[in-house]
Amino acid sequence: RGINLCLGTDGVASNNNVDLLQEASVTAKLHKALNNDPSLLPAKEAFAMVTINGAKAIGKEKQLGSLETGKLADLAIMSLNELENQPMYNPYSHLIYAMQSRSVRDVIIHGNPVMLNYKLCRVDEAEIVSCAKGYKAQIMKEIDR
């Protein structure tokens, strides 16, 4: 019917999980089960829901959402070294059904690395954790009142 189906995440407020690959996996599996049709929503289509279809949803499909000349160089480089990522037969199927965000090794946005070898490049991870623990303490104080 021409409806653009896409997935995204709005942060931890929803389900305390920002693993877009897991969301795509659950979506694909759920629709297969609900419709009693294992061929419904193939992995390649589920992957499109988190890439090019997401870009279409925000009117930016000419700038991002796929790897093409002239588009922004936004990449997530996945590691295949872990046992849970072996063996791989089909990249789309593997991304949707086997991999999770912990397999993201490097992230490049607009051609600039923001995560290399599992480490964030532009922020202090320890500072983020410390800040989160501080917020937790404040929230717990309010809850205990």
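**Notebook: salt bridges, a helix pair and backbone exceptions**

I looked up Glu-84 and found a salt bridge to Arg-102, with the closest N and O atoms 3.7 Å apart. I noted that this pair joins distant parts of the chain: Glu-84 sits in the loop between β1 (75-78) and α5 (91-97), Arg-102 in the loop between α5 and β2 (104-109), and 18 residues separate them. A salt bridge here is a side-chain nitrogen of Lys or Arg within 4 Å of a carboxyl oxygen of Asp or Glu. Helices (H or I, at least four residues) and strands (E, at least two) are DSSP runs, numbered from the N terminus.

I recorded that the model is predicted: local features need pLDDT of at least 70, side-chain atom pairs count only at pLDDT 80 or more, and totals for chains, interfaces and linings use all residues. Residues are numbered from 1 along each chain as its sequence is written, and side-chain values use heavy atoms, with hydrogens and water left out.

**Accessibility of the paired residues**

I took buried as under 20% relative accessible area, exposed as over 50% and partly exposed as in between (1.4 Å probe, protein chains only). Glu-84 is partly exposed at 39%, and Arg-102 is exposed at 54%.

I counted four salt bridges by the rule above. Among them is Asp-106 with Arg-105, whose closest N and O atoms are 2.6 Å apart. Asp-106 is buried at 7%, whereas Arg-105 is partly exposed at 30%. Another joins Arg-145 to Glu-142 at 2.8 Å between the closest N and O atoms. Arg-145 is exposed at 76%, and Glu-142 is partly exposed at 47%.

**The loop between β1 and α5**

I looked up Asn-85 in this loop and found it buried, at 0% relative accessibility. I then listed its contacts (heavy atoms within 4.5 Å). Leaving aside residues up to four places away in sequence, Asn-85 touches Ser-79, Leu-80, His-94, Ala-98, Met-99 and Ser-103.

Pro-87 also lies in the loop between β1 and α5. A cis peptide bond, with omega about -15°, joins Gln-86 to Pro-87. Most residues other than glycine have a negative phi, and most peptide bonds are trans.

**Positive phi**

I found a positive phi of about 50° at Leu-41, which is not a glycine. Leu-41 lies in the loop between α2 and α3 and is buried at 13%. His-110, also not a glycine, has a positive phi near 55°. I placed His-110 in the loop between β2 and β3 (112-116), where it is partly exposed at 48%.

In α3 (residues 43-50) I found Ala-43, Ala-46, Ala-48, Met-49 and Val-50 buried. Their cover includes α2 (20-34), α4 (52-57) and α5.

I then examined α2 against α3: the angle is about 135° and the axes are 10 Å apart. Axes are lines fitted to C-alpha atoms, for helices over the stretch in contact, and angles run from 0 to 180 degrees between N-to-C directions. The two helices are therefore oblique to each other (angles under 35 degrees count as roughly parallel, over 145 as roughly antiparallel, 65 to 115 as roughly perpendicular and the rest as oblique).

I noted that Leu-20, Ala-24, Thr-27 and Ala-28 of α2 meet Ala-46, Met-49 and Val-50 of α3.
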